[in-house]
Amino acid sequence: MTKIAVFVDVQNIYYTTKQAYGRSFNYRKFWQQLQLRGDISYAYAYAIDRKDDQQIKFQDALRHIGFEVKLKPFIQRADGSAKGDWDVGITIDVLTLAAEVDTVVLLSGDGDFDLLLQAVYKQHGVDTVVYSVPGLTAQSLQQSCALWRPIETDLLL
């Protein structure tokens with residue numbers, strides 16, 4: 001059976017589905033669809049910890065589905081801007097686990113991950129699949145993966 005590792009850029013998926021559709025991503029339906037393709041060996045959801053009750057409930061729901069939720073503190077800078085980026089953490093985890101699976105699934109439209117997907121394919125020969133919102137996904141990311149799956153209304157709440 002195909003071994004799958006899933007990596008979710010929660011902030012990217014949240015904001016892009018809201019912007020494009022005004023709706024939220026359906027993680028449960030996504031999980032069910034992915035289970036039909038193989039064994040989900042690893043599943044990580046990378047989120048920002050704002051200590052907000054609504055977000056805590058959402059994170060608990062992700063854990064219940066089967067994701068390990070990794071949290072990074074929300075940092076408010078003195079100039080009013082905010083920081084909460086998981087790109088390096090996601091990259092390290094993908095590079096660490098790619099040799100142990102057949103397929104790496106990334107949920108993000110962030111073009112910063114294009115070189116990562118090229119590298120894990122070149123180094124480990126794993127299939128790379130990206131789920132992201134059409135029109136809000138970097139072309140370089142779409143071109144760097146073996147399969148791009150657009151997030152459309154069938155994967156929304």
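Me: Before we start, what counts as a polar contact here?
Reply: A polar contact is a pair of N or O atoms within 3.5 Å, and within protein one must be able to donate a hydrogen and the other to accept it. The model is a predicted one.

Me: OK. Which side chain does S108 join in a polar contact?
Reply: The side chain of D9, at 3.2 Å.

Me: Where is S108 placed, and is it buried or exposed?
Reply: S108 sits in the loop between β6 and α5 (114-124). Its relative accessible area is 0%, so S108 counts as buried.

Me: What else is in contact with S108, leaving aside neighbours within four places in sequence?
Reply: Besides D9, the contacts of S108 are N12, I13, F113, V130, Y131, S132 and L141.

Me: Switching to the sheet. What's the strand order?
Reply: The order is β3-β2-β1-β6-β7-β8, in an open sheet of six strands with parallel pairing. At the edges are β3 and β8 (147-150), each of which pairs on one side only. On average, neighbouring strands are turned by 20° against each other, direction ignored.

Me: How many bridges join β6 to β7?
Reply: Five, between parallel strands, with β6 covering residues 103-107. T103 is opposite D127 in β7.

Me: And how many residues of β7 are buried?
Reply: Five of the six residues in β7 (residues 127-132) are buried, so the strand is largely enclosed by the rest of the structure.

Me: What about L71, how accessible is that?
Reply: L71 belongs to strand β3. Its relative accessibility is 31%, so L71 counts as partly exposed, between the 20% and 50% cut-offs.

Me: Which residues does L71 touch, not counting those up to four places away in sequence?
Reply: A47, I48, D49, Q59, R63 and W86. L71 and A47 are 24 residues apart in sequence, and their C-alpha atoms are 5.1 Å apart in space.

Me: What span should α3 have, and what does the model give?
Reply: Helix α3 has 13 residues (residues 53-65), so at 1.5 Å a residue it should span 18 Å. The C-alpha atoms at its ends are 19 Å apart, which agrees.

Me: Why would residues three or four places apart point the same way?
Reply: Because an α-helix has 3.6 residues a turn.

Me: Last bit, the helix ends. What caps the N-terminal end of α3?
Reply: D52 does, through a side-chain oxygen that lies 3.1 Å from the backbone nitrogen of Q54.

Me: What comes just after α3?
Reply: G66, which takes a positive phi of about 140°.

Definitions and conventions
Residues numbered from 1 in each chain as written. Predicted model: local features only at pLDDT ≥ 70, side-chain atom pairs only at ≥ 80, totals over all residues. Heavy atoms only, no water. Helix = DSSP H or I, 4+ residues; strand = E, 2+ residues; numbered from the N terminus. Expected span 1.5 Å × (residues − 1). Pairing = 2+ DSSP bridges. Axes fitted to C-alpha atoms, helices over the stretch in contact; angles between N-to-C directions. Buried < 20%, exposed > 50% of the residue type's maximum accessible area, 1.4 Å probe, protein only. Contact = heavy atoms within 4.5 Å.
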